Amino acid sequence: MAGLTARCLASVTVVGAVLLVTGCSQTAPTDERGTVVDLLQEDWQHVPGIAADADVLHVTETGRRIVQQDGRGGQPDPPVDLFGAHLTAPDDFSLSTSFTDVTADATLGVYDSPPVIADEFRIEPAGIHLTLRGDDLHVVVFDGTPQQDVTDSKPAGDEHVTVDDPEAELSVRRSGDELEVASDGKVLTSLPLGDVFDSGELWLGLSSDEGSFTVNSLAVAAPAGDSLAVADPVAADAERSPDGLQALASRARPGFRLGAAVALGPLASDPDYARAFVENFGALTPENAMKPQALSPRQGVYTFEEADALLDLAASKGIAVHGHTIAFTEAMPRWMRDLPADTEDERRASARVLLDYVTTVVTHFRGRLDSLDVVNEPFDVDQGTDLQENTWYRVFGETYPVVVSKAVHDADPDVRQFVNENGADIPGPRQDALRRLVLDTNERGGYIDGVGLQTHVYDLGTDTVSADDLTTTLNRFADAGLLVRISENDVTDREGQDAQAEQYATILGTCLRSEACVSYTTWGVDDRYDWFTDEDGALQQGHDLLFDDGDPTPAVEALRDVLAD
């Protein structure tokens, strides 16, 4: 597979569940000895809730959950090591670990691929989860079967077994068509392999729901003759293309940024996705990794690791970053959504909490962001012009954008500030309200540089953006002294890919012709990761992006023509 870099693998003799390391070499042994990787020596720094300390890992609860748009639910989102090492193990293997100091529970997750994270749900990949609570070991197996309700994934196997010694070595062994789970060398359960680990890759996660624990050992071994290697994130090997979309954009209009919203999972695991993004785009917007529920799942606790991984990757490739987002009605953790605001004392206390959040987040990313959505989708969801009465509104009142903008400026005076909104792409009341909100915010002491126009085209019959309307829009914001980002463009292909390509080209071409329009971003890279749930809650795949299952759509060539003209 492209982008895989084999690491030093130590020889090992496998006796029962005991792994005897006998040395290290650059090539796998060819005799009766197998190979082993000591995973404690790999990179865990970009995994939320994990701290490396000498030869052990300390794991603490993060509270990561994915809240739905209306605030309901809270699907668990345990972290996976996406930007450290993962393993290629297409044949038999044995993975072993031992836990100590378990205050409540300890979980090891071994995944066939990274989970796909959408705005409101997580698609659970095939894999096995081992959760230890006292002497109870909960073994859960997912086989990758599509779920009827993606927010409540049902496992293919679910079993509780008792271990004699909770601190003894636990192991997962793949042998032919079987998966065996053992404790201290004693097989506790044996399961049919099915479609688990079909990819030949192993992705690892360590997490606790309610406490903390220490990982004293974590190693994987393969019998002699079977393949086992450590692989880096595939994006590390992707290179900028001199003929990519960003290169063409830079020649057409120096300084203009052409970007995409991205997720760390596919960037780390999917060579097609990583290649398409790095070759063609010069700006990165984190899809979900910088939203409040991802950055601070518990009050006063921050999990910057995955966002940092995206920013580190962007810096290594010379890609600019647009931060997304600070004040937002959706994607708030429960603690933020429930801050009290009924009395003056409560509002004062909650204000301190929110401002501490803003300062902590913006200070952490200071100097690494080109621009930032300080307020996202402030107006009601029914395309009206009233501000949503969210936590920020209840605590600070209708001028909360002023407070947020000032706090952002105090923490990072150099980052360009934007208010991002949908439905304001064409002239009308919603656009008027957005323009008025930004101007009023700045008159009251804010520092907003411009607006983000999302330009989601879900239906070409109702959502099409014409060149004339977009030109008028860009001129209006330019006359007000404001910059514009085309911030989340995606276009349905329900009317055919030619119609899709034409709409993409119209929006980019119109943006390029306006000096006020400083960047253009698509909301995603590849339809392979474009998932949503319909009104019945069923999982559906969208076909709205520039790449489809690794291949460029006609829209890519249409954008190339615009940039070359």
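1. A salt bridge here is a side-chain nitrogen of Lys or Arg within 4 Å of a carboxyl oxygen of Asp or Glu. The structure holds 24 of them. Arg368 and Asp308 form one, with their closest N and O atoms 3.0 Å apart. This pair joins distant parts of the chain, 60 residues apart: Arg368 lies in the loop between α7 (344-365) and β25 (371-376), Asp308 in helix α5 (residues 305-317).

2. A note on the basis. This is a predicted model: local features need pLDDT of at least 70, side-chain atom pairs count only at pLDDT 80 or more, and totals for chains, interfaces and linings use all residues. Residues are numbered from 1 along each chain as its sequence is written, and side-chain values use heavy atoms, without hydrogens and water.

3. Is Asp308 buried or exposed? Asp308 is buried, at 14% relative accessible area. Arg368 is partly exposed, at 29%. (Buried means under 20% relative accessible area, exposed over 50%, partly exposed in between, with a 1.4 Å probe and protein chains only.)

4. Helices (H or I, at least four residues) and strands (E, at least two) are DSSP runs, numbered from the N terminus.

5. Now helix α10. Its buried residues include Leu434, Leu437 and Val438. The face turned away carries exposed Pro429 and Glu443.
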